[in-house]
Amino acid sequence: MTQTHFGYETVDETDKAKRVRGVFDSVAKKYDVMNDLMSAGMHRAWKAYTVAVANLQAGDRALDIAGGTGDLARAFAKKVGPTGVVVHTDINEAMLRVGRDRLLDEGLVLPTTICDAEKLPFPTGRFDLVSVAFGLRNMTHKEAALAEMNRVLRPGGRLLVLEFSKVAEPLRKLYDWYSFNVLPRVGRFVAGDADSYRYLAESIRMHPDQETLKGMMKGAGFGHVDVHNLTGGLVALHVGIKC
Ligand SMILES: C[S@@+](CC[C@H](N)C(=O)[O-])C[C@H]1O[C@@H](n2cnc3c(N)ncnc32)[C@H](O)[C@@H]1O
């Protein structure tokens, strides 16, 4: 059986998706408060930057993959207006339910679908923009997922991948200390789950760095890829154009 990574552990490929599901089933209800706490609110700025780069216009069609509690989908929906469409998707029902309820509370009714990024249930060329924020890291077959994202975009459409990345050297020690000492403790205290936040720290270290991900996106068919480093490379926004 083929092996892959779940954080620092080596697991069978078939087990990874189950383990990832366990993480997000466990954290779904506290996901938003934990995001604010552990990033000191910075995830809002990273997402706002992503929305600005997306530059969606009225009438555009966007797909948010691994959309979770719906931050990007909500912001995109406001940009595309009633003539556009934003499809809010995730593989995890618990995360999607929290997101859908939040969107409904704000008067936004979006098409919401459980789906695996590695097998997208949408026709070829359907979307102007596809986004995936902090989701790619959790996928077992990242190349397959990127190829699917490319397939559902129209020619000239863009993929935005917002993800933790390789932090600049001067920040590394402090960041490692914070990730492996503070994060799991906050996770235990707030979400009753230290392990999921230890997985978060480990999965970030196992994720491809800026240049590697850029190469993977090119390999998946994106003719042009730009990398925007945010907060010293702690996070990177990769923008791929389907040429
Ligand atoms: C850290 S959350 C990100 C949620 C949201 N995009 C955000 O930025 O707040 C990662 C999400 O990726 C989803 N995910 C993991 N593997 C996936 C897959 N193969 N297909 C689609 N979603 C997946 C998880 O269920 C989870 O909701």
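This is a predicted model: local features need pLDDT of at least 70, side-chain atom pairs count only at pLDDT 80 or more; totals for chains, interfaces and linings use all residues.
Visitor: Which residue has a polar backbone atom 2.8 Å from a nitrogen atom of the ligand?

Guide: A pair of N or O atoms counts as a polar contact when the two lie within 3.5 Å. A polar side-chain atom of Lys47 is 3.0 Å from an oxygen atom of the ligand, and a polar backbone atom of Ile91 is 3.4 Å from a nitrogen atom of the ligand. At 2.8 Å from a nitrogen atom of the ligand, the polar backbone atom belongs to Ala133.

Visitor: What share of the ligand's accessible area does the protein cover?

Guide: On its own, the ligand has 600 Å² of accessible area. The share of this area that the protein covers is 95%.

Visitor: How many residues are in the largest nonpolar core?

Guide: Among the residues that touch the most other members of this core are Trp46, Leu162, Phe164 and Val235. Leaving aside neighbours within four places in sequence, Val235 is in contact with residues including Trp46, Phe134, Leu162 and Phe164. Apart from this core lies another, of 25 residues, with Ala117 and Val132 among them, while the number of residues in the largest nonpolar core is 46.

Technical notes. Residues are numbered from 1 along each chain as its sequence is written. Side-chain values use heavy atoms; hydrogens and water are left out. A polar contact is a pair of N or O atoms within 3.5 Å; within protein, one must be able to donate a hydrogen and the other to accept it, and residues adjacent in sequence count only if both atoms are side-chain atoms. Accessible areas come from the Shrake-Rupley method with a 1.4 Å probe; for residues, only the protein chains shown count as cover. A nonpolar core is a set of buried Ala, Val, Leu, Ile, Met, Phe, Trp, Tyr and Cys residues joined through side-chain atoms within 4.5 Å. Buried means under 20% relative accessible area, exposed over 50%, partly exposed in between (1.4 Å probe, protein chains only). Contact means heavy atoms within 4.5 Å.
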